[in-house]
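Subject: Structure for your review

Dear colleague,

Please find below the structure that I am handing over to you, followed by an account of what was found in it. I would be grateful if you kept the model open while reading.

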Amino acid sequence: MLFRSRLRRMVAPVGQDANVARIVQSCATEDYARFAARWENPQLHAVFTAHPTFLLTPDQTDEVARAASDAREVAVDCVLGERPAISLDHEHRRAMRAIGHAQDARDTIVGALLTQARDSWPDKWHDLAPLPFRFASWVGYDMDGRTDITWSNSIGFRLAEKAERLHRYTQSLRDIDPDHPLLRELGPATAYARERAQDFTADLSDPAALSVAANRLTAPDPRRLLTLTEYIDRLEAEAKEVETKEAGGPRAVQLKTLAAAMRADGLGMGWIHFRVNAKQLNNAIRRKLDPNGQIDLSSKGAIVHLRKAIENVKPHRSNFAALAIESSTAIRQFLAMAQILAHIDADAPIRMLIAECEEPSTLLSALYFARLFGIEDKVDISPLFETESALEHGGRFFDELLAEDIYRNYARKRGRVAIQTGFSDAGDRKSTRL
């Protein structure tokens with residue numbers, strides 16, 4: 001009883017109906033313009049990490065979560081369960097499971113918002129594109145200080161996430177209409193993604209196995225999806241069409257809710273965050289621009305060299321063979337991102353976190369590689385201000401960056417300047433829109 005009371009004080013669970021009612025009530029006095037401005041821009045970007053409480057078994061974790069999320073007085077049963085080995089796969093599964101719950105909760109919120117908009121502004125609500133939350137994770141993509149994550153792990157995880165998200169989209173659409181024509185496309189696309197994910201669970205240190213996996217992923221296939229733009233447009237158009245029919249409102253809301261989920265997550269469970277260390281980037285840029293070690297990367301001269309290099313670099317085509325032979329961890333990160341954007345999900349941008357980033361030249365080095373591999377328009381380069389010194393000098397850091405046309409043009413193209421403060425595990429990530 002003491003544990004249950006303490007849990008209730010910490011979490012203060014509220015029933016789902018009451019939660020939804022509070023959201024709707026908070027919007028009741030707004031006009032449409034304010035309502036759309038409030039709910040079409042994410043109010044939170046939630047990043048799911050790889051630090052579950054391993055003291056508890058999964059069964060115990062589930063029991064605590066059940067009690068914490070139930071608004072009624074419920075008992076917490078004493079369960080034991082089997083304690084699995086802590087592995088990268090286990091961490092990834094748990095993170096994806098948590099994101100799945102968050103997606104379900106967001107769908108409930110979006111459905112309530114759309115219903116409220118339909119009732120309040122019947123002539124405008126179809127223009128609404130709600131996106132209250134975005135989700136992301138760096139589980140499986142953080143190669144800084146980890147030796148158990150290879151580039152093929154990252155590709156495999158992203159393919160597995162694609163398969164899982166497509167499966168969830170398919171289930172949502174089947175719940176709306178078991179005979180919906182889009183199911184004939186989403187079903188095969190899900191199977192294709194699952195097959196490709198399986199390819200990347202093999203030992204790809206064998207060149208022959210790598211060749212098979214890469215060729216299957218890059219070969220043309222009618223089942224392969226790289227963008228959901230067409231599906232979003234078709235669902236939105238159908239929602240507008242069924243609204244004109246008798247009792248078409250609930251179905252229209254469901255279709256727009258599914259379109260909103262696709263718009264938020266793309267072809268994955270959420271956005272992904274790669275991470276690299278500043279030293280790894282500095283070593284990589286020296287290899288490219290300063291093999292003799294004559295440039296002090298903390299100097300003004302380094303900024304001049306990098307500015308010229310970024311202005312003059314021509315985008316290179318890359319492939320999985322380049323990934324397999326590349327020895328630099330930092331460059332492998334950019335190569336992996338390029339392959340994900342080219343062959344898995346062309347729409348969802350990728351966050352590149354730079355740990356221990358204290359010099360503007362380090363961020364410009366990342367911008368150089370992003371442009372070198374043709375992905376600067378899809379990558380948000382974010383320094384991690386993790387130390388007291390880095391936080392104190394953060395203003396100077398961005399003063400120097402924003403004095404460079406090359407960086408300002410990049411920021412305008414992305415529409416944001418991304419930073420993270422605190423230790424990487426703190427998850428305090430900020431994106432300032434321009």
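Predicted model: local features only at pLDDT ≥ 70, side-chain atom pairs only at ≥ 80, totals over all residues.

As general background, nonpolar side chains in soluble globular proteins tend to be buried together.

For the chain as a whole, there are 18 helices and 7 strands. Of its 434 residues, 50% count as buried. How far apart in sequence are the residues that touch? Among contacts between residues at least 6 apart in sequence, 76% join residues at least 24 apart.

I turn next to two pairs of packed helices. Such a pair is described by the angle between the axes and the distance between them.

Helix α6 (residues 151–176) packs with α14 at an angle of about 25°, and their axes are 10 Å apart. Because angles under 35 degrees count as roughly parallel, α6 is roughly parallel to α14. The crossing of these two helices is right-handed. On the α6 side the contact involves Trp-151, Ile-155, Arg-158 and Lys-162, and these meet Arg-332, Ala-336, Gln-339, Ile-340 and His-343 in α14. By class, the residues of this contact comprise 4 nonpolar, 2 polar and 3 charged.

The second pair consists of helix α15 (residues 360–372) and helix α17 (residues 394–402), whose axes come within 9 Å and cross at roughly 45°. This angle makes α15 oblique to α17. The crossing of α15 and α17 is right-handed. Pro-360, Leu-363 and Leu-364 of α15 make the contact with Arg-396, Phe-397, Glu-400 and Leu-401 of α17. The contact of α15 with α17 has 5 nonpolar and 2 charged residues, with no polar ones.

Two single residues also deserve a look in the model.

Glu-356 lies in the loop between β4 (350–355) and α15. Although Glu-356 is not a glycine, it has a positive phi of about 55°. Is this residue buried or exposed, or does it fall in between? Its relative accessibility is 44%, so Glu-356 counts as partly exposed, given that this class lies between the 20% and 50% limits.

Arg-38 is found in helix α3, which covers residues 32–39. With 30% relative accessibility, Arg-38 likewise counts as partly exposed. Leaving aside its neighbours within four places in sequence, Arg-38 is in contact with Ser-26, Cys-27, Glu-30 and Gln-43. The C-alpha atoms of Arg-38 and Leu-131 are separated by 9.4 Å, while the two residues are 93 residues apart along the chain.

Yours sincerely

Notes: Residues numbered from 1 in each chain as written. Heavy atoms only, no water. Axes fitted to C-alpha atoms, helices over the stretch in contact; angles between N-to-C directions. Helix = DSSP H or I, 4+ residues; strand = E, 2+ residues; numbered from the N terminus. Parallel < 35°, antiparallel > 145°, perpendicular 65-115°, else oblique. Left-handed = near helix turned anticlockwise from the far one by under 90°. Contact = heavy atoms within 4.5 Å. Nonpolar A, V, L, I, M, F, W, Y, C, P; charged D, E, K, R; others polar. Buried < 20%, exposed > 50% of the residue type's maximum accessible area, 1.4 Å probe, protein only.
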